[in-house]
Amino acid sequence: DAAEKGGYEHFMLKEMYEQPKAIADTFSPRIKDGQIVIEELGMNDEEIRAVSKIVIVACGSAYHAGMTGKYVLEGMARIPVEVDLASEFRYRDPILAEGTLVIVVSQSGETADSLAALREAKKKGCKVLGIVNVVGSSIAREADNVLYTWAGPEIAVATTKAYSCQLTALYLLAMRFAYARGAISESELAEMIEDLKKLPAQVEMLLSHKDRIQKFANRYLAARSIFFIGRGIDYAISLEGSLKLKEVSYIHSEAYAAGELKHGTISLIEEGTLVTAVLTQEDLYKKMLSNMEEVKTRGAFVMAVTNEGNLDVEKAADYVVYIPETNRFFTNSLAIVPLQLFGYYVAVGRGCDVDKPRNLAKSVTVE
Ligand code: G6P
């Protein structure tokens, strides 16, 4: 066991540290001569242009990756995207018009609800693309096409590196679709590819701040509730940050679209409640800053995750983690790192069984 952990205290930490390599392994084989080449997609430019809608279906963290995928695919490729929980999709007789591409995202490729959703989509005549980590798994075998995430085996129940690779796979898909549909230019694509290539080193740099995050996490070991807020793509990462924390630390946690705070959640903010605010989208900075001030006025302690250079944030936050510059669609890949570390260290500090949280399974093959 100790040897398998390669010197790390837990698989979860080891797998977080494998993220730079896993992300690079996922994009490298798909960048050729300045283009995104995804042969496994089995679609030429014309077929890509014929897709009228994308429906992403998944469970758990894969569903959160799908939410990011929605913002990225819509924003970059200007194609409408719906995201659905597999356990909801499969039972509601979904309306799938011709030209809909269904994407099933799954680390294990064995999640019962995701597999059933795939079968439902196929029955309705849709083409199904799997974004899967385990080679030869049920979802990989039954999907029409498979885009593998090359994260390697993931042992910790709480996913980290496989989730990061799902994000990477969705970026690649968005770039491929955006370029084929004329939504981005050759030079925009070239810039995105450069930014993609920088992600592994940037993730590595963020991981190197682990001691600082651990120190901060140690202040919240007795918290009753922790909140995460964000807008747009930062809302998607808030959901994943909140799930990481609650599944391994057993501290109640919720993520909210920051604009929804005043419709209820704000009543839960008390003196000293920790609110983690993610703000990586420049056009939403001002809105986020005012949400942070709203909770601060009610006694919250605010931790912010934002872009380097956004110094204004220090007026509204008590503790700030800066992420390095990247394309605005790729920020989730960086913002997730301090959130993963935070969840992990809160759980370690509380003495939880980090790699095998109670009541949870790595792969949910029952319905
Ligand atoms: C379980 C795991 C999660 C995972 C979810 C979906 O709940 O604990 O980490 O996100 O299943 O699993 P999948 O294998 O389909 O990605």
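**Ligand shell and fold of the predicted model**

By class, the residues around the ligand comprise six nonpolar, nine polar and one charged. The model described here is predicted. In total, 16 residues surround the ligand, and the closest of them are G60, S106, Q107, S108 and T111. Helix α4, which covers residues 60-77, supplies the largest share of this shell, namely three residues.

The chain as a whole contains 13 helices and 12 strands. Its radius of gyration is 20 Å, close to the 21 Å that the globule rule gives for 367 residues, so the chain is as compact as a globular protein of that length. The C-alpha trace spans about 55 × 45 × 40 Å along its principal axes. Of the 367 residues, 53% count as buried. Where contacts join residues at least 6 apart in sequence, 74% of these contacts link residues at least 24 apart.

Strands of a sheet pair through backbone hydrogen bonds, in either a parallel or an antiparallel arrangement. In this model, five strands form an open sheet with parallel pairing, in the order β9-β8-β10-β11-β12.

G230 has V278 of β10 as its bridge partner. Helix α12, formed by residues 285-297, lies across β8, β10 and β11 (301-307), and runs at about 175° to β10.

A further site of interest is K244, which is found in helix α11 (residues 233-249). With 28 other C-beta atoms within 10 Å, against the 20 or more required of a buried residue, K244 is classed as buried. When residues up to four places away in sequence are not counted, K244 touches A158, L339, Q340 and G343. K244 and V346 are 102 residues apart in sequence, yet their C-alpha atoms are 10 Å apart in space.

Conventions:
Residues are numbered from 1 along each chain as its sequence is written. This is a predicted model: local features need pLDDT of at least 70, side-chain atom pairs count only at pLDDT 80 or more; totals for chains, interfaces and linings use all residues. Helices (H or I, at least four residues) and strands (E, at least two) are DSSP runs, numbered from the N terminus. The radius of gyration is taken over C-alpha atoms; the globule rule is 2.2 Å times the number of residues to the power 0.38. A residue is buried if 20 or more other C-beta atoms lie within 10 Å of its own, exposed if 12 or fewer, and partly exposed in between; C-beta atoms are placed from the backbone. Two residues are in contact if their C-beta atoms, placed from the backbone, lie within 7 Å. Two strands pair if DSSP finds at least two bridges between them. Axes are lines fitted to C-alpha atoms, for helices over the stretch in contact, and angles run from 0 to 180 degrees between N-to-C directions. A residue is near a molecule or strand if its C-beta atom, placed from the backbone, lies within 6 Å of it. Ala, Val, Leu, Ile, Met, Phe, Trp, Tyr, Cys and Pro count as nonpolar, Asp, Glu, Lys and Arg as charged, and the others, Gly among them, as polar.
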